[in-house]
Amino acid sequence: MAKRIMISGALGGPVLGYGGNTWAFLQYILGFRRLGFETYYVEHLSPNDCIDEDWQPVPLAASANARYFRSLMDRFGLNGSMALLEWGGVGHIGLTHTEVEKLAPDIDLLVNLSGHFHLKSVLSKVRRRLYLDLDPGYTQIWQEQYGVDMNLPGHDVYVTVGLQLGKPACPLPTCGIQWKSTLPPVVLSEWTTATPPGVAYSTIADWRGFGPVEWDGVWYGQKADEFLRVIDLPRWVSVPLEICLLIGPDEPDRVTLEAHGWRLVSPRLHVATPDSYRDYIFGARGEFTCVKHAYAAGCTGWFSDRSACYLAAGRPVIVQDTGIGPYVPTGAGLLTFTDIDSAAAALDRVERDYALHAAAAVAFAREHLDSDRVLSRLLHLAGV
């Protein structure tokens with residue numbers, strides 16, 4: 001009998017323009033299924049987070065969250081194996097509360113992505129629990145410095161996509177946990193394309209995202225601050241730079257970015273679903289992106305699930321350095337930068353031999369990001 005895996009994340013929460021958020025969790029669902037596991041997905045949602053297309057509060061059954069969740073089940077053949085449960089109530093999409101609780105004792109491993117799943121009646125019954133931290137540095141600072149409940153206790157294994165978290169070069173807290181590390185998985189068959197690359201280097205971003213945080217007397221700012229450090233870059237390079245950017249309509253930085261030559265497009269128009277998100281990446285020439293300040297300044301070794309998708313699609317990635325160099329090869333297909341000079345140099349290097357870097361991107365994904373390899377290693381770390 002196939003072993004059973006249960007995954008929890010946040011597919012049903014942010015649903016308007018968040019196709020990339022969907023893929024961050026979908027890679028695990030589809031990846032474990034590829035490995036032959038009987039795979040389930042479960043999530044709980046507060047009634048306060050149920051909205052319609054105009055961001056107005058509505059009951060779960062009538063919400064955009066419910067419609068989006070149902071569309072995912074239909075699109076990826078996951079009916080009968082997914083549950084969106086109303087927190088504190090009996091509402092549900094897919095499997096019911098009772099059905100999930102009946103499944104729990106036969107679950108060999110629950111993968112709790114970012115600790116989103118809190119239902120003790122399920123967590124206490126599964127055989128093994130793996131906490132997978134997707135926001136290294138922030139997760140630990142929120143818990144240690146601000147007392148936010150990140151749901152850390154009660155898991156058997158702790159893994160992070162921060163390749164350097166807990167190492168001497170990373171000054172950020174660990175919450176007293178010995179974190180193991182992983183790269184994000186990519187189901188390569190979903191990301192192989194014959195589509196010719198486009199003309200622009202792009203990325204998908206939330207301009208403000210997390211608020212600034214402080215640790216040990218140091219303040220860590222936002223992704224916006226990092227992009228503003230290289231604001232003049234479009235004038236330094238010969239290729240267009242585009243951001244599919246979630247940014248407020250009255251945000252003054254919108255005007256500043258466009259005045260400096262950045263192309264801005266809307267996430268709700270271009271990456272609202274998993275398919276449109278994938279098509280957007282397929283239509284890029286590569287990815288150029290800055291990262292959240294704590295990932296870079298905190299030297300966490302954070303590796304982006306979004307960049308993983310660009311690489312798997314054969315699109316070279318130029319990303320702000322987070323300290324990944326000791327753990328994965330950089331310089332061909334995947335390049336890092338620390339300032340505007342090294343950013344421009346990396347873009348120029350890729351453009352001087354684009355075909356080489358595109359092929360290297362695919363090779364990197366096959367060697368380091370293939371879900372078959374990444375998830376098999378994760379199972380080994382979990383003792384399953």
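**Close-up views of the predicted model**

**View 1. An open sheet of eight strands, with mixed pairing, runs in the order β4-β3-β2-β1-β5-β6-β7-β8.** At its edges lie β4 (92-94) and β8 (180-181), each of which pairs on one side only. The structure shown is a predicted model. Strands of a sheet pair through backbone hydrogen bonds, in either a parallel or an antiparallel sense.

**View 2. Strand β1 (residues 4-8) is paired with strand β5 (residues 109-113).** The two strands run in the parallel sense and are joined over four bridges.

**View 3. Asp133 is a buried residue with no salt bridge.** Asp133 belongs to strand β6 (residues 129-133), which sits between β5 and β7 in the sheet order. The nearest side chain of opposite charge is that of Lys292, 11 Å away; a salt bridge would require a side-chain nitrogen within 4 Å of a carboxyl oxygen. When neighbours within four places in sequence are left aside, the contacts of Asp133 are Thr139, Gln140, Val159, Thr160, Val161, Leu165 and Trp179.

**View 4. Tyr146, Val148 and Trp219 make a nonpolar surface patch of about 320 Å².** Val148 lies in the loop that links α5 (138-146) to β7 (157-160). Val148 counts as partly exposed because its relative accessibility is 37%, and the partly exposed class lies between under 20% (buried) and over 50% (exposed).

Terms used:
Residues are numbered from 1 along each chain as its sequence is written. This is a predicted model: local features need pLDDT of at least 70, side-chain atom pairs count only at pLDDT 80 or more; totals for chains, interfaces and linings use all residues. Side-chain values use heavy atoms; hydrogens and water are left out. Patches are made of residues with over 30% relative accessible area and no salt bridge: like charges are joined within 9 Å, nonpolar side chains (Val, Leu, Ile, Met, Phe, Trp, Tyr) within 5 Å. Accessible areas come from the Shrake-Rupley method with a 1.4 Å probe; for residues, only the protein chains shown count as cover. Buried means under 20% relative accessible area, exposed over 50%, partly exposed in between (1.4 Å probe, protein chains only). Lys and Arg count as positive and Asp and Glu as negative; His and the chain ends are not counted. Contact means heavy atoms within 4.5 Å. Two strands pair if DSSP finds at least two bridges between them.
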